[in-house]
Amino acid sequence: FTFFWSHIDPNTGEIVYEHKPTDGRVKIRSIVPFIEERVSNRKRMTEHVYNPKSRAMERLSFYPEQTPDEVKAEREDLWDYSIISFENLKNEKTGEVIACTRENKLLLMKLPVFDRFVARCFQIIASAGTETRKESEKNL
């Protein structure tokens, strides 16, 4: 994807995407495989609880809650996974090209404009997958 700027319209509160030409390019992939892999690796816990209406024990199955550190680490891994690479993204203050490292990816995701850009790219990827699925269903 070619990087594009965005801002929030103060009157409506909606995101406005500006398609000014930039040299920055970002390679982004879908996060669905990452999430499916992480969820499949989690252990499910089960408990037997008493149901007062039926007066029977019921088996509940759930994933245990993650600690805040685990949530943060998983979110950082998600951003590192989804942003494959970027090129020609420049620091506005110094004009230097930003190197594509895990630390820089995480720092960029803290910027609202880059976060909105990545979110919009995810929307485009998801809608492209839906359109492809619809076309393949028509061909059957």
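Which helices each supply at least two residues of the lining of the second largest pocket? In this predicted model, local features need pLDDT of at least 70 and side-chain atom pairs count only at pLDDT 80 or more, whereas totals for chains, interfaces and linings use all residues. Residues are numbered from 1 along each chain as its sequence is written, and side-chain values use heavy atoms, with hydrogens and water left out.

The helices in question are helix 2 (68–82) and helix 3, where helices (H or I, at least four residues) and strands (E, at least two) are DSSP runs numbered from the N terminus. Helix 2 gives the largest share of this lining, four residues. A pocket is here an open set of points on a 1 Å grid over the protein atoms alone, where a 1.4 Å probe fits, with protein on both sides within 12 Å along at least five of seven lines, and its lining residues have an atom within 4 Å of a point. The second largest pocket holds about 170 Å³ of space, a volume being the space filled by probe spheres set on grid points that are joined across faces, edges and corners. Its lining consists of Lys72, Arg75, Glu76, Trp79, Leu106, Leu107, Met109 and Lys110, which divide into four nonpolar, no polar and four charged residues (Ala, Val, Leu, Ile, Met, Phe, Trp, Tyr, Cys and Pro count as nonpolar, Asp, Glu, Lys and Arg as charged, and the others, Gly among them, as polar).

The largest pocket has a volume of about 450 Å³ and is lined by 17 residues, of which Trp5, Lys90, Glu92, Ile98 and Leu108 lie nearest its centre. Helix 3 (102–109) and helix 4 (112–139) each supply at least two residues of this lining, and helix 3 accounts for the largest share, three residues. By class, the lining of the largest pocket has nine nonpolar, five polar and three charged residues.

Isoleucine 83 is in contact (heavy atoms within 4.5 Å) with Val26, Lys27, Lys105, Met109, Phe114 and Val118, residues up to four places away in sequence not being counted.
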